[in-house]
Amino acid sequence: YKQQMCLVMYTLALFCLLFFTHCTSMNLGMDSLFLINHLDNEEKSAIIADKGIALYTIHLEKEEHYHMLGEISEFFQVALRFNPENKKAEEYLEKIENFISIKTKEKIGIAQNLLKKKNRSAEDDYRLALAVSKACELDPENDNVLALKKETKTLTTELIDGYLKQINTDLDNITETDTPAQRSKKYTGTLAICQKALYLDPGNKEAQSTQEHILGELDILVKEIIDNGEALIAEKDYKGASSLGNLLSDINKASHHTFIKERDNLIYDIYYAWAEAYLAKKDYNNALSKVKIALDAKNTKEAMNLENKITSLKQKQDSVKKQQDSRKAMEKTLNEIDSLIAKEKYVDAYNRIQSILKKTKDKSYRQKLNAKIKIIKGHLDRLYDKALTEYKKENYRETIRLLTIIVHIDEKYKKAEDYLEKAVARQELLDSY
């Protein structure tokens, strides 16, 4: 009975974490309870393990949030209590043990190597203290870690004190006359220093208080940026607004995504309005690129509808342009064929036409090409007469050249074929002497 009650408590706690996050209505809460009541233990175990895997990937593999090791491990432990056969949960508990062992050795190695280094730089000192701090998060009972912690205690204290002193100096240099961009740079700079202090000592009260103060100032700045951005959108100054969007993105990134919602809302508003402006100008390429950025920020039905509308109009525009380009290409080709005919390069013109006829299905184009063939064939009788004149002059090479053109273009021109055979025979006879 005790074990069953424990499982029920774990279920409620973990499923609240998994399903109740961001729930703002009673309906969503009831839906979550419905899921809890209607999933069997194996399904619950799988969901909890998957959540643990996601946290493992984000906080341990991608980041160094080693203070979350206990919390992440608990997901897999609870998953195994629901389903002792959950191989994924077993695998990841073992991975965590190996991870702790490997990373602890790595951090100890970094710290020991830096301790041996002569004339360490300020950055070396920070890396040394940070390696020890991370090793403490990974394995606080490890003898080597405890020895390093003791050996670097004074150094860590001095670093933190120095960072806090620098932060206070930097904060004093921020004035009301600074532009939003200048204030952003200064506040995010001091925030980065404050975070370095907290990486070395997560429980440092002064650093925590300073970080809260900086985030509070950034919150005021963010609201100012949003107001200015919305004003620029109203003025249709989308380029100026996008600069403020980029500034807010930088603040959000520097603050470890503290202002992700504000950033997404402003970026969405900027690029949705920008897309509409380009749409009004029938500049569908730019409109499409802007609405995609809006959708990356917030995947709304409104933006999806706009994207579909732009895509449809762009396809129509592309189709019209393709037809126009095709007509231009056709006219250019027809002019080139006319030029070849004018220069009496009948074979080249004929071959060009035949090559195009094999590829195109355009009825109008084929009619025009066939009309050109008729024009070419209209010159064949004149060429034939000229060939006979040359034949009578016993100029058989020229005769052969002219008759070859005729036969190539019109295989049914029987007279030309007959005289061609005669001219070839006579030229061969002459060549034999």
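Helices here are DSSP runs of H or I with at least four residues, strands are E runs of at least two, and both are numbered from the N terminus. The model is predicted, so to speak: local features need pLDDT of at least 70, side-chain atom pairs count only at pLDDT 80 or more, and totals for chains, interfaces and linings use all residues. Residue numbers start from 1 along each chain as its sequence is written, and side-chain values use heavy atoms, with hydrogens and water left out.

**View 1. The largest pocket holds about 500 Å³ of space.** A pocket is an open set of points on a 1 Å grid over the protein atoms alone, where a 1.4 Å probe fits, with protein on both sides within 12 Å along at least five of seven lines; lining residues have an atom within 4 Å of a point. Grid points join across faces, edges and corners, and the volume is the space filled by probe spheres set on them. There are 17 lining residues, and His-65, His-67, Lys-134, Tyr-199 and His-256 sit closest to the centre.

**View 2. Helices around the largest pocket.**

View 3. α6, α7 (143-151) and α8 (153-172) each put in at least two residues; α6 gives the most, five.
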